[in-house]
Each structure stands twice: as structure tokens, then as C-alpha cells.
Amino acid sequence: MRTGKKIDWKAKLVASILGGTLLVIGLLFGITYTYFVNKLTASNERIVNLTFQQAEKELKTMLENAERQLNLFSNDTLSWEFSSNRFRSAAERTAVLRKIVESFDDMIVTNPDIYGAAILSGDGRTAVSTAEGKSGTEAVELTESLWELLETAKEAYPYVTWISNLDVEIPESCSLYRMVNRPVLLGVKAIGDYSETGEDSYLLVTLGEESIRESYALAIYSGSESALLDENGRMISATGDAVLGTVFEPDDRNQNITYELSYKNWTLVNQIPKAEYLREARGLRNFGILLAALASAGVLAVALIWSRRYTRPIQNLMEQMEAVGREQLEIAPPVKTGLPELYHLNEEFYAMVQKLKSYMKRLQETEQEKAKEELRALQYQINPHFLYNSLNSIRWMAMMTNNTKVADALVTLSKLIVPILRDPSFTWKLENELEFLQNYVEMMQLRFGNEMEYHLECPEELYEELFPRFLLQPVIENCFVHGSSSAELRHIYLRIQKEERFAVEIQNTGVCIEAEKLREMNETLSREENQGKNIGLSNIRKRLKLLYGENGKIWMESSAEKGLTVYLRF
């Protein structure tokens, strides 16, 4: 007999304890680490969002402040004198431009968020002043993008239009370049309500990049970088100058926190490097690894000590089980060591083997007695061939005396006996079942006379199907015994169909059972109780149960018009 590899229970026990401990530590550490990282991530997002809320307010204040300055200057007579361009002399024009520049200088001084201010006419005349003291009054050439900006401001009159300086192409030779040569926000406002863009004059104001950065600078920590995005996702203000004008693309190495502003379709974004804010988490991870190593060492030491004391009874039990598996039932009694429960388990196994030995001995004795009984039965057994040959002899004697009815009856009886004695199987072809029933009906008609007519309705394609042997004979017998009458001709209808399961109906027109009695009989059949006189139906129900389980059903229906019908499904 093939034997498996011997199991080292000590190693398995130590490995299982150690593995279980590491699993528990790993789960606890994993849950703690994940919770800690999620808390850090949520804390970062909460802090940044609070900072961005404040930045939103500050940036809005800067925009409103600049817009207020433009609105004030648009109502100043200097802006209208510049716009009308009706100077009596060049000296008067120069004086007005100087006063405009001085007004711009005062605006910049009193509003440190403003980097530059300018006034521009539709024909290119301009006056510019910046926080760095760069000013100018020379005429400019209007580029296509600058002209589109003026048209946008004209459509938005009397409100201020804000865009990024990156959206406007202004040559370095132009005086306006002095106020837009850095990445800042540019606000433009039309002074008058003229029909044509070129007829009006426009006020321009720029916000300093440093002031814009300061509005969201508090969100920068742990090596993060922040930026202000326009509606197209382009960075129009950022803590890193190198990324200005590029489209923002999230990086998986960073925690990307975005905050939608309530105006201008702008977005604030903060990128915090995960490597920075997860330093504490890495420290926790290293501590968990150290804890797991120490715990493993301790568990290993305890497991080794524990296994030396308590695995011996298990090993003894396994050796005895292997011996029993090799049919070696002579095993030694257990020795009391280790845990009482393990010793008791060894005792129980030893007792079970002793009972098995006793049972096998009794079984051998029973088999010997059974063989003797079979020999005695063989001495009195009737040979089926002797019975068959005897019936043939009687048949020939009847034919010699011209008694044809007796001879025919013996032939039919022989046809019934042969399949009963010849084949011990549980099923045969439906064709064989129907042939047996036909011979049985002929015998019953000899017994009862021609008081019952037998009708078969069955498609020939079902003849090759397997069918339980002698299943229908008890029902047909009941039809003759309980349904025949010398006063009138009665009928037996056997209908067989099959789709997924066999559907059999045996209708006896000569029997009608009262509803209450029929209900009791069906209930008795469903409960699988003995039927008393209806032994045949109980036999059918038991055979269907054994062959088909819950898929085998039998029940009856009765009416004055149709008589009694027995239904079989299997």
C-alpha cells in the first residue's frame, strides 16, 4: 500500500503559529498604516482648502480694488480729455499725459497689489506707468490679439474684462510691454459707450505676480507647489516660473488638491509630493516591521517550547492512524503525555480501533453463516428452466388433446414468466414493458372475460427509451380487479408521453372514487405511508422514489365522466 510522506507536526505547528501571528500583525499594521495615510491625505486637503478659501477672498479683493480704481479714473476729466484728443497745442497734450501718469503713479503707490496702469485709445495713443518707475506716452501699434482684447472689453462695457498677460501679444518695442512683461493678470475697461472699438479709449491695469502668489502662498508646505489655472487649465500664476503658461497635468507622485474659484472659471491647485508628507508614515512602517520581527522572534521561541511538550501526542496519533491505514490494527495503548485533551483523543482512537477489530471479527463470522444459508437455499431452489420446460410440456399435451385455449394461455403465461426469471435489472426498453403488459392483459382477459378493452397511446419513437421494469403491471391489475363488470364493456387507456420527463396516464373507466376518500389516498401516497389494500400503488411509489428521488411522482384523479386516472411522472 502506498504511504504518504511523514508529516513533521512540530514544524507545521511552529509554522502555523508563526504564520498566524505575522498575519495578525500584518493586518493590524496594514489597517493602521492605511488609516494614518488617509488621515494625512485628508488633513492636507482640509488645510489646503481652508487656505484656498482665504486666497479666493484675497484675490477677489485685489480684483475688486483694481476695478474700483479703473472706475474712479474712468470718471476723471483727464481720461475724457485724453479720449477726445482735442488739445490746442502739443504742450497742453504733454501736460495732460503727465498728469495721467502722475495719477497712475498715485494709484500704484496707494494700491501695492497693482503693478501697472495705462490708458490706450483706439488709434494707438497711450500713457503707461508701472511700479518699477517705467512710464511712457508714445503711440503703439495695435496687434491683432490686442485689438481682440479691446473688442472684448467693448462688449463687456461698463465692466472690467480680466485675462492673463499670456493671452496678449505685445511687442517689446511697445510701451504697453512695460506693464505686461511679467506674468500677471490684465484688466481692461472701455471708457465710453461708442459704437466702434476704434472710437473709444480703454483703461488697463495689471496685478503684480508677487501679490497674486501671496494670496495663496500659505498653501505651500512640505515642498508643495501651487498655481492659478485659467478656464483652459493653463497655469497663469504659479510658485514655479518655469511652468507658467503650460497646461496643468496631475502627477501620481503628488497629492493633487484642486479648488474651484467662484468667479472667472479659475482654479487653484496645490501639488504636495507624497514622498515628503509620507515621511511620518514611512517611520510608522519601519516601526511596524521592527515590531513584526520582534514579535516573530518571541512567538517562535514560545512555539518551539510549546511544541516540544504537546506535539508528541499528535505525532503518536498520526503514526497509529498510518498503521491502521496499512490494515495493521495491532497498535499499542497510548501513553499519558501532554495536554489531557490530546491524551483523551489518543484513547478514543485506540478504543475505536479495538471496536473495529471486534466488528470485523463478527462480520467474518456472519459472512460464514450467510454462506451456509445460501448453500441450504440452493438445495431447495426451483430451476427456472425446469419451470419453463414444464409449461412447454403441458402446452404440447393440451395441443395433442385439441385444447387450444389452454395451449394459448400457457404460451402467454410463458411469455410473462420468461422476462421475470431471465433479467434481474431494474430497467429495460419501453418496448419490452409494453410487450409484457400486452401479454399480461391477455392473461387477465382470459381470467375476467372480454369485459375490459385495453387501449395504448404511445409514440413509437419512445420505444427505445429506458423504462422501469414491471412498473405499470400493478395499476393494470387494479383496473381488472376493481373495474371490470359483466354488465357493460369498460375500457383501460394507457397514454405515455415524454418531453423532459415521462408522463404516464392509466385511465380506468369502470371505477369512480369519492372525493374525500381520493384525497386521503393521495395524502397517504405523498407521505409515503403504506396503503393498506393498495399495495401495488405503494410499491410503485417506493420504486419511483428509489430510482428517481424527488423527481418521481404518483397521484390519482377521479370523476364520474372519466372514471379513475392514475398519473405517473418521472
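**Helix and sheet packing in the predicted model**

Helix H6 (residues 209–216) lies across E7, E8 and E10, and runs at about 75° to E8. Here, contact means heavy atoms within 4.5 Å. Axes are lines fitted to C-alpha atoms, for helices over the stretch in contact, and angles run from 0 to 180 degrees between N-to-C directions. Helices (H or I, at least four residues) and strands (E, at least two) are DSSP runs, numbered from the N terminus. The model is predicted: local features need pLDDT of at least 70, side-chain atom pairs count only at pLDDT 80 or more, and totals for chains, interfaces and linings use all residues. Residues are numbered from 1 along each chain as its sequence is written, and side-chain values use heavy atoms, with hydrogens and water left out.

Four strands form an open sheet in the order E8-E7-E10-E9, with antiparallel pairing. Two strands pair if DSSP finds at least two bridges between them. Strand E8 (235–238) and strand E9 (254–260) are the edge strands, and each pairs on one side only. From one strand to the next, the twist averages 25°. Strand E7 (residues 225–229) and strand E10 (residues 267–273) pair in the antiparallel sense over five bridges. Glutamate 225 has glutamine 271 in E10 as its bridge partner.

A second sheet is open and has five strands, in the order E12-E14-E15-E17-E16. Its pairing is mixed. E12 and strand E16 (553–559) stand at the edges, each with a single partner strand, so one side of each has no neighbour in the sheet. The twist averages 15° from one strand to the next. E14 and E15 pair in the antiparallel sense over seven bridges. Isoleucine 496 has valine 504 in E15 as its bridge partner.

Helices also pack on this sheet. H12 lies across E12, E14 and E15, and runs at about 170° to E12. H15 touches E16 and E17, and its direction makes about 145° with that of E16.

H12 also meets H13. The axes of helix H12 (residues 430–448) and helix H13 (residues 473–483) come within 11 Å and cross at roughly 20°. The two helices are therefore roughly parallel to each other. Angles under 35 degrees count as roughly parallel, over 145 as roughly antiparallel, 65 to 115 as roughly perpendicular and the rest as oblique. In H12, the contact residues are Phe436, Leu437, Tyr440, Val441, Met444, Gln445 and Phe448. They meet Gln473, Ile476, Glu477, Phe480 and Val481 in H13.

Several H13 residues are buried, among them Pro474, Ile476, Cys479 and Phe480. Buried means under 20% relative accessible area, exposed over 50%, and partly exposed in between (1.4 Å probe, protein chains only). The buried residues of H13 pack against H12, strand E12 (452–457), strand E14 (490–498), strand E15 (502–508), helix H15 (535–548) and strand E17 (563–569).

Another helix pair was also examined. Helix H2 (residues 77–84) and helix H3 (residues 90–110) pack at an angle of about 135°, with their axes 10 Å apart. That makes H2 oblique to H3. Leu78, Glu81 and Phe82 of H2 make the contact with Val96, Leu97, Lys99, Ile100 and Ser103 of H3.
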